[in-house]
Amino acid sequence: ALAKNGQRVLLIDENPCHNSICTNLGLQARFDLLHVINKDKKLNQVLLQGPENITILSAMRGIHTLNKLNSHEQNWLIKSFSELTETVDIVLIDTAMSGATHVLPLSLASEQVIIVISGSAASLTGAYALIKILSQEYAKQHFLILVNKVNSETESFAIYQNLYKVARQYLSVTLEFIGYIQSDEKLRSATQLCKSVVDAFPDSPAAMCFRQLSHDIFRSSCPDKYNGGIDNFMQRLIRTSHLSMANFTV
């Protein structure tokens with residue numbers, strides 16, 4: 001939806017192969033960020049082109065090696081990404097939350113963090129735990145909340161309010177309602193077709209929600225606004241990768 005609005009999008013995917021963006025779009029990621037870090041491939045050889053010229057970077061393996069790079073390797077990687085600064089308007093990061101995958105460095109390096117929740121107790125409990133650790137241990141104070149799998153905006157806002165009230169009572173954070181995605185079988189159908197729901201079923205309720213989100217994201221608060229391009233993002237990512245993960249459990 002962002003790309004259809006004219007934004008040049010880089011999507012960094014931290015998910016394992018079976019649940020990756022590339023798999024869901026029917027693309028094959030032969031190489032990933034680790035190949036770049038090991039200097040087996042150049043960055044432009046690793047990037048994939050998705051629909052609407054979205055650029056996709058598979059990054060799960062590479063993220064885990066960032067804290068092992070020496071200063072020369074760090075500078076080389078940052079320089080590699082600096083070449084993208086003039087061709088990318090927005091970076092979207094799909095972080096993984098299961099198994100041994102560490103979501104933390106990517107979240108801390110980002111300007112904005114979107115927490116996706118549903119109305120289930122497990123979802124709300126997990127979201128609260130994530131917000132708590134990011135705020136109390138790593139000083140993230142502002143979170144955008146996207147409510148998924150609901151039937152209406154009224155229902156989504158009620159779910160958001162439940163999380164907001166608990167967070168306001170016990171945590172020193174700011175939560176901001178950014179929108180909702182309506183329950184829609186067309187989402188499942190689009191995934192089975194290896195397409196985005198915005199492309200496959202543009203008139204579906206879910207597609208309309210995503211288009212609205214692509215507009216609203218630019219009107220949301222961004223207290224952690226950083227200067228510079230993707231090279232600055234990579235510099236932050238390398239630095240945050242050195243933070244201890246010992247207490248990061250959700």
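Predicted model: local features only at pLDDT ≥ 70, side-chain atom pairs only at ≥ 80, totals over all residues.
C194 lies in the loop between α9 (185-192) and α10 (197-200). C194 has a positive phi of about 60°, although it is not a glycine. Most residues other than glycine have a negative phi.

E52 sits in the loop between β2 and β3. E52 is not a glycine either, yet its phi is positive, at about 60°. With a relative accessible area of 41%, E52 is partly exposed.

Now follow the strands on either side of that loop. β2 and β3 belong to an open sheet of four strands. The order across the sheet is β2-β3-β1-β4, and the pairing is mixed. Which strands lie at the edges? They are β2 (48-49) and β4 (90-94), and each of them pairs on one side only. Inside the sheet, β1 and β3 (residues 55-58) run parallel and are joined by four bridges.

L11 is found in β1. Its bridge partner in β3 is I56. L11 has a relative accessible area of 14%, so it is buried. Which residues does L11 touch, leaving out those up to four places away in sequence? They are I21, I54, T55, I56, L57, L92 and D94.

Leaving aside neighbours within four places in sequence, L57 is in contact with L10, L11, I12, D13, L33, L43, V46, L47 and F81. L57 is also part of the largest nonpolar core. That core has 25 residues. Within it, L33, L57, L77 and F81 touch the most other members. Several elements each supply at least two residues of the core: β1 (9-13), α2 (33-37), α3 (43-46), α5 (71-82), α6 (104-109) and α12 (230-240). Which element gives the largest share? It is α12, with five residues.

An α-helix has 3.6 residues a turn, so residues three or four places apart point the same way.

Two packed helices are described by the angle between their axes and the distance between the axes. The axes of α5 and α12 come within 7 Å and cross at roughly 150°. The two helices are therefore roughly antiparallel to each other. The crossing of α5 past α12 is right-handed. On the α5 side, the contact is made by Q74, L77, I78, F81 and S82. On the α12 side, it is made by I230, D231, M234, Q235 and I238.

Next comes another sheet. This open sheet has three strands in the order β5-β6-β7, with parallel pairing. Its edge strands, each pairing on one side only, are β5 (114-117) and β7 (174-182). From one strand to the next, the twist averages 25°. β5 and β6 (residues 142-150) pair in the parallel sense over four bridges. In β6, V147 is the bridge partner of I117.

Helices pack on this sheet too. Helix α7 (residues 121-136) touches β5, β6 and β7, and its direction makes about 160° with that of β5. Helix α8 also packs on the sheet and touches β5, β6 and β7. The direction of α8 makes about 155° with that of β7.

End on α8, which spans residues 153-170 and includes Y170. Is Y170 buried or exposed? Its relative accessible area is 53%, so Y170 is exposed. How far is Y170 from I12? Along the chain they are 158 residues apart, and their C-alpha atoms are separated by 32 Å. L11 and Q161 give another such pair: they are 150 residues apart along the chain, with 30 Å between their C-alpha atoms.

Note on methods:
Residues numbered from 1 in each chain as written. Heavy atoms only, no water. Core = buried A, V, L, I, M, F, W, Y, C linked by side-chain atoms within 4.5 Å. Buried < 20%, exposed > 50% of the residue type's maximum accessible area, 1.4 Å probe, protein only. Contact = heavy atoms within 4.5 Å. Pairing = 2+ DSSP bridges. Axes fitted to C-alpha atoms, helices over the stretch in contact; angles between N-to-C directions. Parallel < 35°, antiparallel > 145°, perpendicular 65-115°, else oblique. Left-handed = near helix turned anticlockwise from the far one by under 90°.
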